[in-house]
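Subject: Handover of a structure and notes on its features

Dear colleague,

My notes follow directly after them.

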Amino acid sequence: MRFLKSLQQDAKLFLYIYLLLMLFRIAFLAIYAGQMGSAGVGDILTALWLGARISLKTTAFLVAFPFLFATIPYAFYSKWPVAGIRKVLGSVEISLMTFLFMARIPYYEIFHQGFNIMLFNGMKDDKWAIFDTAVQQYALWPRLLGACVLMVVFVWLWLYVGQRTNVWGGPKRHVRLWVLGAVVCLPIFAIFCRFGGAFHSDDGVPWESAARTRYVVLNEAVLDDGQALYRAYITHKRAKSRANRPISDEELKQAVVCLGGDPKADSLDAAFSRQSQAEALAKRPRHVVVILGENYALWPLLPEYRSLGLAQTGEWLEKEGAYTYHFLPNGNGTMTSLNGFLTGLPDVGLYVNYTMGLKGKASPFAIGETMKRLGYRTVFWYGGLRSWQDLEHFTLREGFDEFHCADELPEQGESSSWGAPDGALFDVIRERMQKESEDTFYFILTTSNHPPFAYDVDAKGFPRVEVTEKLPPSIPRDKATIDQLGHIWYADQVMGKFIREVNKDDPSTLFVVTGDHAERFNFAADVSLWAQSGVPCYFYGEGVPKDLLQGAAGSHLQIAPTLAELIAPQGTTYTSLLPPLMQSKWAFNHRLFIENGEIGEEKALSNAEFKKEIEAARTVARWMVQQDR
């Protein structure tokens, strides 16, 4: 009888947590109702139904703890403090799920997903900058206070419900049969919950295939925060396991052959040695500048958003230089993309900025090494702080002669959690360039177009009213969104000013402009993968053919070999894992591909040969990372 009565309390806790998760799901949809686009009632009900099924998993997992540590012992020992243990565990679980729901709202605003692998990437990020951004941009203290209030309310309600008289007083006869029936039914119910309202994985709702509607926000609503955390953990674990998988000599050889390298070469440097085929620029540029713009995305340049005027520099470069919009960043975060430049390797889910180059040898594919072999002094400029992601040491290990950052800039009247205003950064770099007497390569990583979007962009000329009046339905009209649009405009404006001024100082300067990632702007409705994830790529300078990149598709990894083709005389040898942009018609990154002018997710790629080449590139990358440990 004790077992049955305690089991009833577990059932009440199960129902309470389950209904709470459904309440959070409905609240999430209400908050982001503006992002449902043309979703109908049927789509919303589908998401709620799938969510109701998958939350059986989370609820069963949580209630298993009081069942195992309270109900089971109590069935054998009458003095076991069953009520106290259940109250503590239940209160902790309710508080945890409430806190996670409150944290999910700003997290979704940033990443357009519930908890994902970026949660683990952030653990190695600048903790103070993250904290300051949370305070300034995402109202940390009010949200935290709100979370605490809700936790108290929901826990109190649970304790109140838990103290009420049992709905069922227990059987009057055949107690043992009732207990036996419960013991038999519990595993069946557990299996039913384990597969998300089914008895087999094929009929269940696993997180991997929970996205069954056409709308991002509805698909994210399907996963409760417990399942979203599980998704983050599993994807991180899978990425690490794939990356750490041993690579045999034969597998490496096959990968080299697949990518067009020389399998008989005694090193990867030699295996991927290439000869310049393009006609070099008539005048060797004294300065070469690569600008990796924080969140410099493609979407403001797409036809449906161009009238906003947020990327006027991009429009100018499109007319005056060579460009491709069939272009992908190496990753979906600044560091993953930057790792691609600094090592010349595709992202394989490892933090190579903490491991590569420690043995004293830079990656032969790195952009710093490539430019040094072309005879340039290499200088890295970062608009943030040198401690971020061990960036100073990493750049110096991977072929850069100098590293400079925000702490070397003059004191500014305003600053961000993540660094100095781009305008101030560009001003100092230009001053240094004017004093240079030798051929120099500059790699510039900007920071202004990043939360907390705290700059006074109106004082810098941002046409707030005009932009707001032109907003399409896919962009929200709240102040926070307009502020973010202002930072997109500001970053583009000061970059254009810098390029024009440097070009006047030295017309031979060769510029490359691209973005570190997209996927950070919160659209009000579903958008294409081009708008969500694409970044532009421009080459601009004296003698750069405007048709240089016509028909090309590529990624960050192909900028270094393209520079080698433009600067080095024909027949010059350089090293690159992937071909230069002018020889490339396809592209890939950590999850996307471009083929025949179309963009898609890699899981939908049907071209077996292309898939093989992508995996071959990652195999070489994994092998190099493992050898460098």
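The notes below cover a helix, a cavity, the surface and several salt bridges.

The model is a predicted one: local features need pLDDT of at least 70, side-chain atom pairs count only at pLDDT 80 or more, and totals for chains, interfaces and linings use all residues. Residues are numbered from 1 along each chain as its sequence is written, and side-chain values use heavy atoms, with hydrogens and water left out.

Helices (H or I, at least four residues) and strands (E, at least two) are DSSP runs, numbered from the N terminus. Buried here means under 20% relative accessible area, exposed means over 50%, and partly exposed lies in between (1.4 Å probe, protein chains only). Among the buried residues of α13 are Met-335, Leu-338 and Phe-341. Gly-344 follows the helix and has a positive phi, near 75°.

A search of the whole structure finds 6 cavities of 30 Å³ or more. A cavity is a set of points, on a 1 Å grid over the protein atoms alone, where a 1.4 Å probe fits but cannot get out; lining residues have an atom within 4 Å of a point. Grid points are joined across faces, edges and corners, and a volume is the space filled by probe spheres set on the points. The largest cavity holds about 80 Å³ of space. Its lining includes Asn-330, Thr-336, Asn-339, Thr-343, Asp-347 and Val-625. Helix α13 gives the most to this lining, with 3 residues.

Surface and a buried loop residue

Leu-177, Leu-180, Val-184, Ile-188, Ile-191 and Phe-199 make a nonpolar surface patch of about 590 Å². Such a patch joins nonpolar side chains (Val, Leu, Ile, Met, Phe, Trp, Tyr) within 5 Å, from residues with over 30% relative accessible area and no salt bridge. Accessible areas come from the Shrake-Rupley method with a 1.4 Å probe. Leu-177 lies in helix α7 (residues 175–194) and counts as exposed at 57% relative accessibility.

By contrast, Phe-523 is buried, at 8% relative accessible area, in the loop between β8 (510–515) and α19 (529–533). Its C-alpha atom is separated by 9.3 Å from that of Gly-34, 489 residues apart along the chain.

Salt bridges

The count comes to 26 salt bridges, each being a side-chain nitrogen of Lys or Arg within 4 Å of a carboxyl oxygen of Asp or Glu.

Arg-286 pairs with Asp-506, the closest N and O atoms being 3.7 Å apart. This pair links distant parts of the chain, 220 residues apart: Arg-286 is in the loop between β1 (273–275) and β2 (287–293), and Asp-506 in the loop between α18 (479–505) and β8. Arg-286 is partly exposed at 28%, whereas Asp-506 is buried at 10%.

Glu-438 forms a salt bridge with Arg-377, with the closest N and O atoms 3.0 Å apart. Here Glu-438 is in the loop between α16 (422–435) and β7 (440–445), and Arg-377 is in strand β5 (residues 377–382), 61 residues apart.

Within helix α18, Lys-479 and Asp-483 are 4 residues apart, about one turn of the helix, and their side chains meet in a salt bridge (2.8 Å, N to O). Lys-479 is exposed at 60% relative accessibility, while Asp-483 is buried at 15%.

Yours sincerely

Notes. 1 Å grid on protein atoms, 1.4 Å probe; cavity = no way out; pocket = protein on both sides within 12 Å on 5 of 7 lines; lining within 4 Å. Patch = residues over 30% accessible without salt bridge, like charges linked within 9 Å, V, L, I, M, F, W, Y side chains within 5 Å.
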